[in-house]
Amino acid sequence: MSLSARLRSFARSLVHRSTLESEMQFEVRFHVESRAADLEATGLTPSQALRQAKMEFGPVATHTDGMRRALGLRWVDELRGDIVYAARMLRRSPGFVLVAVGSLALGIGANTVIFSLTKSVLLDRLAVARPQELRLFSYITSRSGNSPIHSRWGSNDATDDGGIISPNFSYPIYQLLRDQNHANPVVEELFAFKDLGEYSRLTATVDGHSDVVTGQLVSGNLYEQLDVHAQLGRTIQPSDDATPGAGAVAMISDALWSRMFGRSANVIGKVIELNLIPVTVIGVNPPSFTGAASVQHSPDVFFPLSMQPILIPWDRGSLLANKGLWWVDIMARTKPGVSDAQAKAALNVWLQQDIRATMKVAKDDVMPTLAFPDGSQGEADVRSTYAKPVYVLTALSGLVLLLACINLANLLLARSASRQRELAVRMAMGATRLRIMRQVLTESLLLSSLGGVAGFAIGYAGRDIIPHLLSASWQPNHFSSRFDARIFAFSAAISILTAVLFGFAPAWQATRIEVNTSLKKSSNSATRRREGFAGRGLVAFQISLSMLLVVGAGLFTRTLSNLSHTPLGFDPSNILLFSIQAPQSRYPAPKDIALHAEIESRIAAIPGVRSVTLTEEPLVAGAISDTSFNPVGQKPSGQKSVSVDVNQVGRDFFNTYRIPIRLGRSFLSSDTATSFPVAIVNEALVKRIYESEDPVGKTFKSDDRTYQIIGVSTDAKYDSLRNEVQPTFYRLYNQSKDDSVLNYAVKTSAPIADILPRLRETLRGIDKDLPLRDIRTQQEQIDATFMQERLFATLTGSFGVLALTLACIGIYGIMAYSVARRTNEIGVRMALGARAGMVLRMILRESVWMAAVGIALGVAGAFGLTRFVTTMLYGLKAMDSETMIGAGVVLFVVAIAAGYGPARRASRIDPIVALRHE
């Protein structure tokens with residue numbers, strides 16, 4: 001018989017059994033109620049009549065029970081009885097249930113929140129058909145050897161052997177690979193895309209209103225190959241991407257459709273302006289589609305690659321024709337019957353040929369090799385950045401849940417010990433050990449179910465905590481907080497797992513009781529003094545886990561504090577930052593420089609503005625530009641040139657940021673676009689290149705231009721708070737050739753809320769199509785660079801507090817149980833002359849020993865685990881002695897405080913009452 005036939009037969013048997021059961025129950029109930037009505041007519045009360053009828057039909061009910069056993073449905077009654085009995089027993093102990101469910105809810109809720117981050121970073125896939133078939137083209141080059149690839153627009157990662165892996169290719173390379181695959185297919189059709197990112201956003205003008213949007217360039221076949229369909233209108237077609245500028249069309253995201261168009265169906269066919277270029281909206285993407293580059297967030301606008309020369313012009317011509325700049329990303333689906341190894345081998349040969357056909361390759365150049373990684377998560381930049389933090393947070397949240405389980409196991413052990421007489425009576429009446437074990441596990445499962453429901457609710461309520469901690473107000477959120485079936489399944493799974501973890505030991509203990517002994521002796525006899533060793537061992541283990549969590553909280557909190565108090569080298573107070581992008585179609589060079597000069601002068605005249613300057617990159621923004629530095633007449637450190645950081649700034653940059661000039665002078669109004677290019681270098685550059693010499697007045701070359709050094713500034717943090725200040729020189733933006741996007745730094749004496757409307761009004765007076773972008777303060781910009789550290793400090797701090805709370809509950813519970821069990825013993829001691837202080841010290845001594853053992857185990861565990869977070873710390877070592885000592889003292893104090901209540905209660909026991917206590 002086939003599997004499907006067996007399943008159908010089993011289903012029919014279940015239906016048949018259920019029908020028989022329903023018919024028998026109905027028949028018995030009908031006869032009982034009929035007989036009760038007849039008896040009631042004889043003068044009996046309704047309750048008496050019903051009781052008499054049930055007695056008369058007892059054999060029928062017994063027969064029904066036998067039938068239910070024959071039908072295999074008796075287990076349903078037993079399960080229902082177990083659940084009802086468990087609920088009745090738990091209802092008698094509301095305090096215990098509240099502590100148990102609350103502890104579980106916090107542990108499961110914390111794990112649910114962390115799992116939502118884990119799912120977003122590690123598990124989520126592109127919302128397209130069959131994402132597991134996607135492969136992202138990448139190439140690997142060696143750091144040590146020369147490479148023919150000298151210019152790249154995009155990100156790269158380090159390989160395990162010290163090389164560089166990058167997903168960026170030149171557009172001519174993409175065309176050649178696509179044509180070669182057409183002739184000899186080893187994968188499905190290649191398609192290309194380029195996410196413009198945060199630094200190449202677009203200005204969208206809709207009905208006279210301008211806003212900043214993110215964009216993604218896509219090849220005409222991308223939607224077809226990803227099998228994505230528009231929820232409104234149509235998708236981009238190959239004909240839209242045929243020739244440069246032919247397809248002035250765009251797809252918009254569901255979020256942008258809501259934000260700028262109110263979800264109106266009239267958006268299809270509407271002409272909007274992107275960077276002042278008219279573009280027709282042809283469709284709206286599905287809400288779940290995020291493009292091919294990222295899983296976490298979607299660009300606002302998608303348009304054909306052929307629109308690049310028009311929408312995003314480059315000063316060196318079209319990127320589509322440039323053979324030297326590697327910038328576009330390539331994907332393809334695997335082809336049935338062709339393994340990844342076969343496809344990679346063929347594509348690698350083609351890549352080598354195409355590089356030699358499109359670029360100049362020197363004899364000593366090391367050719368890159370093709371990589372063929374999984375593309376189901378797009379470029380997976382977020383995964384590479386946050387994978388390790390996610391693993392650490394998952395481990396910490398797992399420890400919290402384990403703490404909650406140990407805590408409940410301890411409480412249930414004490415509870416089962418106090419129920420030994422009850423369990424012994426049940427076993428004496430015929431209950432098997434398996435039946436007792438099942439009953440205790442049912443109570444555990446009921447507790448875990450209640451805790452799971454409450455934990456899922458906590459997780460859902462806190463789903464936005466992590467995205468909020470990892471996002472800035474002026475940047476799109478890179479993490480989704482979507483709850484789906486996987487998160488629900490995760491919460492259900494860990495709820496069942498916790499029931500097993502904290503319920504098995506009490507259930508096993510319940511089956512090991514001796515019936516005769518338990519029925520004979522008192523539950524609080526002094527002879528049972530040593531039966532709590534298992535509970536004390538669990539508490540010691542719980543304290544050791546708490547030690548790990550408190551140490552982690554201390555390390556990450558101190559890391560955040562160290563970063564917050566790192567000397568900056570400049571004054572960030574009262575500085576407002578924003579950026580302005582000048583569309584090159586309206587402001588080609590040098591008009592863009594003139595535009596920024598006019599904006600700068602207009603802003604400086606606004607009341608409440610102390611000073612204003614421009615900067616290519618804001619200070620401590622995580623972005624940095626580097627260039628060559630060649631002192632004229634000198635070889636620095638025996639090399640032909642060195643690489644240093646560079647920033648293009650305005651004339652009042654050093655005044656606005658309060659960066660002192662140590663030698664020479666700052667920029668002056670006489671330093672114009674037509675005067676000799678000048679630069680100011682920082683002290684780090686002087687130390688590295690000029691050593692003890694005075695560099696003022698000397699010249700150097702950079703980017704084929706010669707600059708004269710006019711001053712030396714103090715060192716200021718530029719790219720990151722973690723990094724040491726690098727050799728840097730500053731040059732004037734008005735002496736550069738092209739700068740369409742610059743950041744403004746405005747030092748104010750008035751509140752920011754008063755300045756912003758004036759800034760917008762001033763900018764509208766110059767050009768209504770230039771919106772302010774990325775409005776934030778300099779301090780907010782600094783805080784954004786350690787969002788990850790703030791996340792860890794916040795979460796580990798919360799985990800640490802939760803661990804201390806659970807440890808406190810565990811110690812209090814075991815000590816209260818110990819005191820209750822030793823009531824007779826304490827009474828005997830006090831009757832023989834023991835003083836209250838002696839009893840207090842005797843009970844507290846147990847708390848001290850449990851704390852000492854737990855802290856020692858925790859320190860040993862910290863030696864092995866904290867080394868994994870060394871790279872995430874700042875200004876600390878993983879085994880920081882101050883943090884270890886502080887965590888130990890905190891846990892020791894908590895242990896004493898938790899044990900003091902039961903110890904004090906024990907010291908006040910009346911000997912007469914204690915000796916009579918059973």
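**The contact of H18 with H21**

Mentor: In H18, Leu595, Glu598, Ile599, Arg602 and Ile603 meet Leu759, Thr762, Leu763, Gly765 and Ile766 of H21, where contact means heavy atoms within 4.5 Å. These residues divide into 6 nonpolar, 2 polar and 2 charged; here Ala, Val, Leu, Ile, Met, Phe, Trp, Tyr, Cys and Pro count as nonpolar, Asp, Glu, Lys and Arg as charged, and the others, Gly among them, as polar. The model is a predicted one, in which local features need pLDDT of at least 70 and side-chain atom pairs count only at pLDDT 80 or more, while totals for chains, interfaces and linings use all residues. Residues are numbered from 1 along each chain as its sequence is written, and side-chain values use heavy atoms, with hydrogens and water left out.

Helix H18 spans residues 591–604 and helix H21 residues 752–766, helices being DSSP runs (H or I, at least four residues) numbered from the N terminus. Their axes come within 10 Å and cross at roughly 140°, the axes being lines fitted to C-alpha atoms over the stretch in contact, with angles running from 0 to 180 degrees between N-to-C directions. H18 is therefore oblique to H21, since angles under 35 degrees count as roughly parallel, over 145 as roughly antiparallel, 65 to 115 as roughly perpendicular and the rest as oblique. The crossing of H18 and H21 is right-handed, which is the term used if the near helix is turned clockwise from the far one by less than a right angle.

Definitions and conventions:
Helices (H or I, at least four residues) and strands (E, at least two) are DSSP runs, numbered from the N terminus.
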